[in-house]
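Hi,

Here is the model I promised to pass on.

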Amino acid sequence: MFRDIQEVFYSEEQIQAKVQELGQQISKDFEGRNPLVICVLKGAFIFMADLVKQVSIPLEIDFMAVSSYGQSTKSSGVVKIIKDLDVSVEGRHVMIVEDIIDSGLTLSYLIDVLERRNAQSVSVVTLFNKPARRTVDLQPDYAGFEIPDAFIVGYGLDYAEKYRNLPYIGVLKPEIYST
Ligand code: PRP
Ligand code: MN
Ligand code: MG
C-alpha cells in the first residue's frame with residue numbers, strides 16, 4: 001500500500017465490479033441514443049476510461065475541465081471552466097461522468113451550462129456519492145457507491161493534486177493534511 005494511505009476503502013476489484021455494473025446499465029438505457037459522454041477533468045479521468053470500456057453501444061466522448069476545490073479539501077463554491085467542450089451539445093443526449101458528488105456545486109453548474117446549450121437530455125453518472133454533504137438539491141441518475149463524509153483519494157481523486165494514480169480508493173493518514 002502507498003505509504004501515505006491509512007486504509008483502503010474500496011479495492012481495485014470492488015471498483016471494477018461496480019464500474020462494469022454501471023456500464024451495463026447505461027448500455028441498456030442509452031441504446032440507440034449515441035450519447036455524448038463528458039468526462040469532468042481531472043478527477044473523472046480514470047473512471048471515464050474504465051466506464052466507456054464497459055459500455056457496449058455507440059457513443060462519443062468529450063472532456064471538460066472545471067475546478068472548485070483548488071488545493072483545499074473544501075469546495076470554494078466557485079466553479080471555473082478551465083477547458084470547454086470541443087463539440088456542440090445541441091440536441092444531444094449528454095452523460096456527465098463525475099468521480100464524486102459532494103456539495104453538488106460543480107454538477108449543478110455543469111448541468112445548467114449544458115441545458116442552456118440545448119442538450120436534449122442531461123444525465124449524470126458518478127462513481128461516488130456523498131449525499132450528506134449536499135448543499136444543492138441534486139441526485140445522480142447513476143451512482144456507484146454512497147460514501148460517508150470522509151476525504152478519500154485515489155482512482156482519479158486527489159489531495160492537492162496527488163494520489164490520483166492509486167488504483168484503489170483510500171483515506172490518507174491524518175498527518176498528511178497537516179504538513
Ligand atoms: C472535485 C471532484 C468533483 C467535485 C465534487 O473536483 O472531482 O468534480 O470536486 O465536489 P462538489 O460536489 O462539492 O462540487 P475538483 O474541483 O477537486 O477538481 P479535480 O477534479 O481537478 O480534482
Ligand atoms: Mn472534479
Ligand atoms: Mg480535486
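For the helix packing, axes are lines fitted to C-alpha atoms, for helices over the stretch in contact, and angles run from 0 to 180 degrees between N-to-C directions. Helices (H or I, at least four residues) and strands (E, at least two) are DSSP runs numbered from the N terminus. This is a predicted model, where local features need pLDDT of at least 70 and side-chain atom pairs count only at pLDDT 80 or more, while totals for chains, interfaces and linings use all residues. Residues are numbered from 1 along each chain as its sequence is written.

On to α1 and α2: they pack at about 55°, with axes 8 Å apart. That makes the pair oblique (under 35 degrees is roughly parallel, over 145 roughly antiparallel, 65 to 115 roughly perpendicular, the rest oblique). Gln 16, Val 19, Leu 22 and Gly 23 of α1 meet Phe 47, Asp 50 and Leu 51 of α2 (contact is C-beta atoms, placed from the backbone, within 7 Å).

Now Ile 96: beyond its neighbours within four places in sequence, Ile 96 contacts Ile 38, Val 40, Leu 107, Leu 110, Val 122 and Val 124.

Cheers

Notes. Chains lettered and ligands numbered in written order. Contact = placed C-beta atoms within 7 Å.
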